[in-house]
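Colleague: Hi! Could you walk me through this model when you have a minute?
Modeller: Happy to, let me bring it up.

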Amino acid sequence: MAGLAYLAGHDPHDPSTAMPGCPVHHVTGLDCPACGTLRATYDVLHGRWAAAGHDNMFVLACAPLLVGLLARQARAVRDDRYAPLPAPLAYGLGGAALVWMVVRNLPGWPLTPGSHG
């Protein structure tokens with residue numbers, strides 16, 4: 001919650017704002033599947049859905065699933081039980097993330113995120 005509160009008041013689109021950078025982009029120069037997530041989250045917090053889709057369409061599309069998985073895990077922790085991620089879902093998400101990384105790094109990709117984080 002503290003991270004979201006900080007993000008709501010500090011625009012990651014502004015290069016002078018203190019935000020963590022993407023280590024994958026720093027090392028490889030490629031946009032990872034999560035590049036743009038801070039900017040997309042900031043945009044969602046401010047009701048700018050189109051801008052969020054431009055910053056990271058993949059994370060925005062996966063957000064309902066990720067929130068559901070987080071709630072599932074929170075219930076498991078509360079009930080003191082183990083709740084592993086089903087293998088097909090884990091491999092599916094991993095595969096989709098890899099495909100997204102390849103697609104967003106193709107020459108001419110129209111949704112270039114700008115600064116990385």
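**Fold and a buried arginine**

Modeller: This is a predicted model, and its chain has five helices and zero strands.

Colleague: What pattern does the chain follow along the sequence?
Modeller: Going along the sequence, it reads α-α-α-α-α.

Colleague: And what box do the C-alpha atoms fill?
Modeller: Roughly 45 × 30 × 25 Å, with the box taken along the principal axes.

Colleague: How much of the chain is buried?
Modeller: Buried residues are 26% of the 117 residues. As for contacts with a separation of 6 or more, 61% of them join residues 24 or more positions apart.

Colleague: I'd like to look at Arg-104. Where is Arg-104 found?
Modeller: Arg-104 belongs to helix α5, which covers residues 87-104.

Colleague: Is Arg-104 buried or exposed?
Modeller: Arg-104 is buried, yet it has no salt bridge. Asp-31 is the nearest side chain of opposite charge, at 4.6 Å, and a salt bridge needs the nitrogen and carboxyl oxygen within 4 Å.

Colleague: Then which backbone oxygen lies 2.6 Å from a polar atom of the Arg-104 side chain?
Modeller: That one belongs to Cys-32. So the Arg-104 side chain does have a polar contact, as the 2.6 Å distance to the Cys-32 oxygen falls within the 3.5 Å cut-off.

Conventions: Residues numbered from 1 in each chain as written. Predicted model: local features only at pLDDT ≥ 70, side-chain atom pairs only at ≥ 80, totals over all residues. Heavy atoms only, no water. Helix = DSSP H or I, 4+ residues; strand = E, 2+ residues; numbered from the N terminus. Buried < 20%, exposed > 50% of the residue type's maximum accessible area, 1.4 Å probe, protein only. Contact = heavy atoms within 4.5 Å. Lys, Arg positive; Asp, Glu negative; His and termini not counted. Polar contact = N/O pair within 3.5 Å; in protein donor to acceptor, adjacent residues only side chain to side chain.
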